[in-house]
Amino acid sequence: MNSKNIENKSIRQAFANTLFDLAVKNPNIYVVDVGLRPSLYLDKFAARFKSRFIECGIAESNAAAVAAGLSASGKTVFLTSFACFSPALNWAVIKQSICYNRQNVKIVGSHAGLMSGDLGATHQMLEDVALMRTMPGMEVFVPIDEAEMVKMLPVVAHSPFPAYIRLPRISTPKVFPSKYPFTIGKSQLLSVGRDITVLGYGPILTQLFSDDFKKYSLDIINCSSIKPLDFETILKSIKKTGRCLVIEDHQKNGGLGDAIASLILSSRIKCKYIHLAVDDSFGQSAKNYFDLYHHFGLSPLAIIQSIKSLLSKS
């Protein structure tokens, strides 16, 4: 697969389109927004379903409480914002009003990770997966591309549990095979190899499908269901390869890498392990996210260096 020939598509747009289609069929689907309707492409939803679109303005904690109340009345609620505002600013209300009471609220955090580029450190949410992984009863999902978003959303909407869905700002390449379903608690083996297990989630994983990586024999696993996590598929691959590389556009602390390291340790598997992520640092302003990936060691070059390092270890 040559990434230069792949059309980039918006995961945010796919989210909005799929949510609209679901709302046409299901009158119990509501949206609670915090003044970011255009950024989440929700204008069409708001125009069609006026009574089911609740605009709370710049009041994230209040919005989470409103979402919890709507859910308590039997609605399936999507709480939409930027990840740096929700779950960052309203985490306590999510804990007390949504998760503690087991309300069916789907928290959608857009513009997450370093892909927010020129928005700077304040908007490059790198702690959201860690925050939501620790929340009891919370499911956590990150689509790799717009195709998986289309398949993921109906499944997550049908789940009775609270959930967090992480979205990037920019349009990204499509790599998710159309024949694959999305199943909560399952990962997808996107490429079969023998030498290294590569784990990740979200669009950062699409870097592995450029021509630069064809010379390496990689098991590439899309961990889009971060919680619950597909331990069976991951362990099977790691046992086969004996080498594991985790890549994530997130802090090292508390993300997928920590979950995998704990899994390897508890399973007592002999495994050579490298984790590429932002290392205890805030983001920075940059013209585009490629510069940030290079700065924080998440670029294709950094990934290839890690692959070579794993292969050189006996």
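## Domain arrangement

The centres of domain 1 and domain 2, taken over C-alpha atoms, are separated by 25 Å in this predicted model. Domain 1 covers 8–173 and domain 2 covers 188–311, with bounds that come from an automatic or database domain assignment. To their contact, defined by heavy atoms within 4.5 Å, domain 1 gives 33 residues and domain 2 gives 34 residues.

Because the model is predicted, local features need pLDDT of at least 70 and side-chain atom pairs count only at pLDDT 80 or more, whereas totals for chains, interfaces and linings use all residues. Residues are numbered from 1 along each chain as its sequence is written, and side-chain values use heavy atoms, with hydrogens and water left out.

## The cavity between the domains

The structure holds 1 cavity of 30 Å³ or more, and the volume of the largest cavity is about 100 Å³. Its lining comprises 13 residues, of which Ala 112, Arg 166, Gly 202, Pro 203 and Asp 249 are the closest to its centre. Both domain 1 and domain 2 give residues to this lining, so the largest cavity lies between them.

On a 1 Å grid over the protein atoms alone, a cavity is a set of points where a 1.4 Å probe fits but cannot get out, a pocket is an open set with protein on both sides within 12 Å along at least five of seven lines, and lining residues have an atom within 4 Å of a point. Volume here is the space filled by probe spheres set on the points, which are joined across faces, edges and corners. By class, the cavity lining has 9 nonpolar, 2 polar and 2 charged residues, where Ala, Val, Leu, Ile, Met, Phe, Trp, Tyr, Cys and Pro count as nonpolar, Asp, Glu, Lys and Arg as charged, and the others, Gly among them, as polar.

## The second largest pocket

The second largest pocket holds about 180 Å³ of space. Among the residues that line this pocket are Lys 95, Arg 102, Tyr 100 and Phe 161, and its lining divides into 7 nonpolar, 1 polar and 2 charged residues.

## Aromatic pairs

There are 9 aromatic pairs in the structure, a pair being rings of Phe, Tyr or Trp (its six-membered ring) with centres within 6.5 Å, counted as stacked with planes under 30 degrees apart, edge-to-face over 60 and tilted for the rest. Phe 45 and Phe 53 form a tilted pair, because their ring centres are 6.5 Å apart and their planes stand at 55 degrees. Phe 45 is buried at 1% relative accessibility, and Phe 53 is also buried, at 10%, where buried means under 20% relative accessible area, exposed over 50% and partly exposed in between (1.4 Å probe, protein chains only).

Phe 82 and Phe 85 are stacked, 5.9 Å centre to centre with 10 degrees between the planes; Phe 82 is buried at 7%, whereas Phe 85 is partly exposed at 22%.
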